[in-house]
Amino acid sequence: MSRRDITVVHLMRHGEVRNPDGVLYGRRSGYHLSELGRQMADRVADHLAERDITYVVASPLERAQETAQPIAKSHGLTLETDERLIEAANVFEGKTFGVGDGALRQPANWKHLTNPFRPSWGEPYVEQVERMTAALEAARDAARGHEAVCVSHQLPIWVVRSFVERRRLWHDPRRRQCTLASLTSFTYEGNRVVSVGYSEPARDLVPPHLLAGAKPVKGKSKAFGA
C-alpha cells in the first residue's frame, strides 16, 4: 500500500471558552477562548508539530478559529473555514443549564424535549452526520496522502464518530468521549475509513467536571463547553 493511499483527518474539539454567565452559547458569536483555552490550543499545536499536516480548517465560530490558528501557524498554512463544521443548532441557546436550575425547570421549554431520538430541541442528528461527513471528505481530499485538522464542536464530532463506528446516534451527553481540545482521528485508505482513534493531548488542562463521564456539579454544565 502506498503512502498516498493513506490520509488522516483529525477532528478536533475547540479549547475552553470564556463564558462567565454559564450559558449554552451554541452558534452565537462573541464567545472566545479563555486563557486556559488558548493554552489548550497551543498544547495541541505542539503535539501535532511533527505530523504531516497539510490542511487546517475550522468552523466559522470564534472559538474554533482561535483553536485552529496555532496549528495552522506551526505548519505555515492558511487557515480555511468550512461552515459544515459549525456547532449544532439548539433552541436553548442563550439559556443556562446548571444542575437544579436553568432552562429545564421552565414548563414552557418542556415541549422541546419530546423526542430525544431526533432530537426535538435542535438540529437532527442525521443532518449533522451528513454535513460533518461532507466536511471530513473535503478535508481528506485536500490533504490526500497527508494529514488534515478540522476544528469543530463536541456534539457534531461525537455524532459523526458514532455514525462511522455504527453506533446509535441518540445518546447520553455525559458519556461523549470528546473532551475539550481532543482529537478524534479518522484514517482513510483511499476514500474509505479504516480506523478511528481518539487522544487528549491537553487532558491535564481540562477542568475535571468537563471530562467524559464526570458527575454533574451544581452551577456547572458540560453543555457550556460545546
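The model is predicted. Its secondary structure comprises 4 helices and 6 strands, and from the N terminus these elements follow the order β-α-β-α-β-α-β-α-β-β. Of the 226 residues in the chain, 51% are buried. Among contacts between residues at least 6 apart in sequence, 70% link residues at least 24 apart.

- Helix H4 spans residues 154-164, and 9 of its 11 residues are buried, so the helix is largely enclosed by the rest of the structure.
- The buried residues of H4 are Gln154, Leu155, Pro156, Ile157, Trp158, Val159, Val160, Arg161 and Ser162.
- These buried residues pack against strand E1 (6-13), helix H3 (125-142), strand E4 (147-152), and strands E5 and E6.
- Strand E5 covers residues 183-189, and strand E6 covers residues 192-199.

**Packing of H3 with H4**

- The axes of H3 and H4 lie 9 Å apart, and the two helices pack at an angle of about 85 degrees.
- Angles from 65 to 115 degrees count as roughly perpendicular, and H3 and H4 are therefore assigned to that class.
- On the H3 side, the contact involves Tyr125, Gln128, Val129, Arg131, Met132, Thr133 and Leu136.
- On the H4 side, the contact involves Leu155, Pro156, Ile157, Val159, Val160 and Phe163.
- By class, the residues of this H3 and H4 contact comprise 10 nonpolar, 2 polar and 1 charged.

**Packing of H1 with H2**

- Helix H1 (residues 35-47) and helix H2 (residues 62-74) have axes 8 Å apart and pack at an angle of about 30 degrees.
- Angles under 35 degrees count as roughly parallel, and H1 and H2 are therefore roughly parallel to each other.
- The crossing of H1 past H2 is right-handed.
- H1 contributes Arg38, Ala41, Asp42, Val44 and Ala45 to the contact, while H2 contributes Glu66, Thr67, Pro70, Ile71 and Ser74.
- The residues of the H1 and H2 contact divide into 5 nonpolar, 2 polar and 3 charged.

- The phi of arginine 166 is positive, at about 60 degrees, although the residue is not a glycine.
- Arginine 166 has a relative accessible area of 80%; the cut-off for exposed is over 50%, and the residue is therefore classed as exposed.
- Alanine 181 lies in the loop between H4 and E5, and its phi is also positive, near 65 degrees, in a residue other than glycine.
- Alanine 181 has a relative accessible area of 0% and is buried, whereas arginine 166 is exposed.

**Residues brought together across the sequence**

- Leucine 205 lies in the segment after strand E6.
- With a relative accessible area of 17%, leucine 205 is buried, because the class takes in values under 20%.
- Leaving aside residues up to four places away in sequence, leucine 205 touches Leu36, Gln39, Met40 and Arg43.
- Leucine 205 and glycine 15 are 190 residues apart along the chain, and their C-alpha atoms are separated by 9.7 Å.
- Asparagine 90 is located in the loop between strand E3 (80-81) and H3.
- Asparagine 90 has a relative accessible area of 22% and is partly exposed, because this class lies between the 20% and 50% limits.
- Asparagine 90 and glycine 26 are 64 residues apart along the chain, with a separation of 6.7 Å between their C-alpha atoms.

**Cysteines**

- A disulfide is a covalent bond between the sulfur atoms of two cysteines.
- Under the criterion of cysteine sulfur atoms within 2.5 Å, the count is 0 disulfides.
- Cysteine 150 has 0% relative accessibility and counts as buried.
- Cysteine 178 is buried, with a relative accessible area of 1%.

Key:
Residues numbered from 1 in each chain as written. Predicted model: local features only at pLDDT ≥ 70, side-chain atom pairs only at ≥ 80, totals over all residues. Heavy atoms only, no water. Buried < 20%, exposed > 50% of the residue type's maximum accessible area, 1.4 Å probe, protein only. Axes fitted to C-alpha atoms, helices over the stretch in contact; angles between N-to-C directions. Parallel < 35°, antiparallel > 145°, perpendicular 65-115°, else oblique. Left-handed = near helix turned anticlockwise from the far one by under 90°. Contact = heavy atoms within 4.5 Å. Nonpolar A, V, L, I, M, F, W, Y, C, P; charged D, E, K, R; others polar.
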